[in-house]
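I opened this notebook to record what I looked up in one protein model. The sequence and structure are placed below for reference.

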Amino acid sequence: MSVRCGERTQRPMRSGESFLTRKLFLTRVAPIGVLATFVAGSFGSTFARSNAAPVPAAPPPARGDARVAVLAKQYFYAGFRQSPVSATFTGYHAYDTMLDDVRPATFAAGFRRERETLAALAAIDPATLSAETSIDRTMLIHTIQEDLLRNERQAQWRHDPAVYTNIAAGAVFGPISRAYAPLHVRMAQVIARERAIPAMLKQGERNLTATDASTKQAAYTNTVGSVDLFRTTLPLAFKPVTDPQLRASFAIANAAAAAAVHSYAAWMKARTPSGTFALGAPTYVKRLEYEDSIDTPLPRLLEVARAALRRAHAQ
């Protein structure tokens, strides 16, 4: 799933999305419709609905629809358990005091679960699905295929340091950016997560192998910027909380977390880059298919892009 974890971008949690990190910023991917309707309590897609005419009574659910719904629920909730940070951003608050588990064994277990989910989805006869659920099933399949491509095959969690920066930043940004509980409750949650950040970043250092120069620079810039989140933004966000015990605990945990992120940036800067961020044509074709459902041949896409560039230059 996830983590969601890389692409060279400064958006939090965008780089190296995995089943651990990918749920954090679902606004970038097509499966938003799947997750949003599921979290709301219904898996049916809203794509075909229209206000232009009265909607006829819905037909009875197709035989396979319930199976897709069960698999989707299992998939997303397993991801929430493995990525508490993304669960908070999604609006599921059972794990708000916890931090993502980034041990290699956890990644491997997630990949196994994704392959099992893919196999179960593939085993469903498309003829037993309603039109809407058929679309949902395809979107979920593409979501899983993309994550396996990024994180099992390309192993971005081993090559993009921003994966771990984004977990640390997302762990504290979620609670201060969403008023899902009183501020003092969210402050206590942030304290619990901050206490786990130093160990998580150290595990990230152990996970990482080769990193190309462009990815290293983007991740380093992102990490340096995240230090200010801890040193400046968080204290301001929790300034209204007056409980002396909470404030004392926060001061200690926040200082340690900020120092850990700063140390992680220094470790990253000292590393010698190697490799390349280039995906290669076969991988890029798969990314287009899984992320955007684009099957246009690359030569044709290049023609379209060059034509658009010429039009832009002519303006």
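**Entry 1. The chain as a whole**

I noted at the outset that this is a predicted model. I looked up the secondary structure and found 11 helices and 0 strands in the protein chain. Read from the N terminus, the order of elements is α-α-α-α-α-α-α-α-α-α-α. Of the 315 residues in the protein chain, 47% are buried. The chain exposes about 15100 Å², and carbon and sulfur atoms supply 59% of that area.

**Entry 2. α6 against α7**

For α6 and α7, the angle is about 175° and the axes are 8 Å apart. The angle is over 145°, the cut-off for this class, so α6 is roughly antiparallel to α7. On the α6 side I listed Y164, T165, I167, A168, A171, V172, P175 and I176; on the α7 side, R186, V190, R193, E194, I197, M200, L201, G204 and N207. Sorted by class, the residues of this contact are 11 nonpolar, 3 polar and 3 charged.

**Entry 3. α7 against α8**

Helix α7 covers residues 183-207, and its axis comes within 11 Å of that of α8, with a crossing of roughly 155°. This pair is therefore roughly antiparallel as well. The contact joins L183, V190, E194 and I197 of α7 to F230, L234 and A237 of α8. By class I counted 6 nonpolar residues, no polar ones and 1 charged.

**Entry 4. α8 against α9**

Next I looked up α8 (residues 213-237) and α9 (residues 244-270), whose axes come within 9 Å and cross at roughly 165°. The two helices are therefore roughly antiparallel to each other. Their crossing is left-handed. From α8 the contact takes K216, A219, Y220, T223, V224, S226, V227, F230, R231, L234 and P235; from α9 it takes F250, N254, A257, A258, V261, H262, Y264, A265, M268 and K269. These residues divide into 14 nonpolar, 4 polar and 3 charged.

**Entry 5. A251**

Is A251 buried, exposed or partly exposed? This residue lies in helix α9. Its relative accessibility is 44%, so A251 counts as partly exposed.

**Entry 6. Two loop residues**

I placed T128 in the loop between α4 (104-122) and α5 (131-153). The relative accessible area of T128 is 11%, which means that T128 is buried. Which residues does T128 contact, leaving aside neighbours within four places in sequence? They are A62, R63, G64 and D65.

A155 sits in the loop between α5 and α6 (162-177). A155 has a relative accessible area of 14% and is therefore buried. I flagged its backbone: phi of A155 is near 50°, a positive value in a residue other than glycine.

Methods:
Residues are numbered from 1 along each chain as its sequence is written. This is a predicted model: local features need pLDDT of at least 70, side-chain atom pairs count only at pLDDT 80 or more; totals for chains, interfaces and linings use all residues. Side-chain values use heavy atoms; hydrogens and water are left out. Axes are lines fitted to C-alpha atoms, for helices over the stretch in contact, and angles run from 0 to 180 degrees between N-to-C directions. Helices (H or I, at least four residues) and strands (E, at least two) are DSSP runs, numbered from the N terminus. Angles under 35 degrees count as roughly parallel, over 145 as roughly antiparallel, 65 to 115 as roughly perpendicular and the rest as oblique. A crossing is left-handed if the near helix is turned anticlockwise from the far one by less than a right angle, and right-handed if clockwise. Contact means heavy atoms within 4.5 Å. Ala, Val, Leu, Ile, Met, Phe, Trp, Tyr, Cys and Pro count as nonpolar, Asp, Glu, Lys and Arg as charged, and the others, Gly among them, as polar. Buried means under 20% relative accessible area, exposed over 50%, partly exposed in between (1.4 Å probe, protein chains only). Accessible areas come from the Shrake-Rupley method with a 1.4 Å probe; for residues, only the protein chains shown count as cover.
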